[in-house]
Amino acid sequence: MLKIYHVAGTRSVRPIWLCFELDLDFEIVPIDFSSAYRDSLEWRSISPAGKVPALTDGDVAMFESGAMLEFILDRYGEGRLRPEKGTPESAEYLQWSWFAEATLSRPLGFMRTMKLVNAVIEGEEEVGAIAADGEKKAKAALQAVEQRLADREFLVGTGFTAADIMTGYSLDLMSHLYPLEDKYPKTAAYLSRLKARDACQKAIAA
Ligand SMILES: N[C@@H](CCC(=O)N[C@@H](CS)C(=O)NCC(=O)O)C(=O)O
């Protein structure tokens, strides 16, 4: 059976949300998020870099959330929640799915670290410059999403897809650092729409 190793609030929300959208039979395996457990041989044998989420399904084992969505759609999607490959909409789909983790989430992790560093070394010029660069990148990525949503409800022309699951999770994380409503109203409304979906609510409650 398809198993997703989960910690509430982490990227495991993505594959779990997708499984609920597809109404699949699957198992959520809660794990201990302590660094001691994530460093253990047991967890490293499932997730070699010690991160969450992980997925197993028969002889398949995976540890990257975006790749898990593609695998789940390949194996169980029956053509749902992803445009047909090779079409212009598929290009949009791929772009926004990758953007969510490679561009949108990237400055976020960085900003979090810099916030901690700043708390320790207050007023260090270099640290301030690095933090400002992270903030600039985060804002540029948010602006790209805002522009895309200017005249559409979801990121891809065909309607709701797994690219919205990828991006929705990243935006939710971001919204804890930047209140989105004032500067990114379309993005804030999009995130509220995504979070109102049954499958998303089930994933958040899991
Ligand atoms: N690109 C990876 C990122 C995985 C990741 O950073 N997971 C976080 C939780 S959301 C984690 O395990 N953090 C603990 C750490 O980095 O030590 C994915 O999308 O699966």
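Trainee: Which backbone oxygen does the side chain of His176 reach?

Mentor: That of Asp172, at 3.3 Å. Before we continue, note that this is a predicted model, in which local features need pLDDT of at least 70 and side-chain atom pairs count only at pLDDT 80 or more, while totals for chains, interfaces and linings use all residues. Residues are numbered from 1 along each chain as its sequence is written, and side-chain values use heavy atoms, with hydrogens and water left out.

Trainee: What makes the approach of the His176 side chain to Asp172 a polar contact?

Mentor: A polar contact is a pair of N or O atoms within 3.5 Å; within protein, one must be able to donate a hydrogen and the other to accept it, and residues adjacent in sequence count only if both atoms are side-chain atoms. The side chain of His176 reaches the backbone oxygen of Asp172 at 3.3 Å, so the pair falls within the limit of 3.5 Å.

Trainee: Why is His176 called exposed?

Mentor: Buried means under 20% relative accessible area, exposed over 50%, and partly exposed in between, with a 1.4 Å probe and protein chains only. His176 has 61% relative accessibility, so it counts as exposed. His176 belongs to the loop between helix H8 (162-175) and H9; helices (H or I, at least four residues) and strands (E, at least two) are DSSP runs, numbered from the N terminus.

Trainee: Why is Gly109 called partly exposed?

Mentor: Its relative accessible area is 35%, which lies between 20% and 50%, so Gly109 is partly exposed. Gly109 is part of helix H6 (residues 106-120).

Trainee: Is Pro88 buried or exposed?

Mentor: Pro88 is exposed, because its relative accessibility is 61% and the term requires over 50%. Pro88 is located in helix H5.

Trainee: What is stated about phi in Asp23 and Leu81?

Mentor: Asp23 has a phi near 60 degrees, a positive value in a residue other than glycine. Leu81, likewise not a glycine, has a positive phi of about 60 degrees. Asp23 lies in the loop between helix H1 (13-22) and strand S2 (27-30), and Leu81 in the loop between helix H4 (65-76) and helix H5 (88-104).

Trainee: How do you know whether Asp23 and Leu81 are buried or exposed?

Mentor: Asp23 has a relative accessible area of 67%, so it is exposed. Leu81 has 18%, which is under 20%, so it is buried.

Trainee: Which residues of helix H9 are buried, and what places them on the same side?

Mentor: In H9 (residues 185-195), the buried residues are Thr187, Ala188, Tyr190, Leu191 and Leu194. They cover an arc of only 160 degrees around the axis, which puts them on the same side of H9; the arc is that of the directions from the helix axis to the C-beta atoms. An α-helix has 3.6 residues a turn, so residues three or four places apart point the same way.

Trainee: Why are the buried residues of H10 said to line one face?

Mentor: In H10 (residues 198-205), Ala199, Cys200 and Ala203 are buried. They fall within an arc of 100 degrees seen down the axis, so they line one face of the helix. The face turned away from that buried side carries the exposed residues Asp198 and Ala205.

Trainee: What is the form of the peptide bond from Val52 to Pro53?

Mentor: That bond is cis, with omega near 10 degrees. Pro53 lies in the loop between helix H3 (41-46) and strand S3 (54-57).
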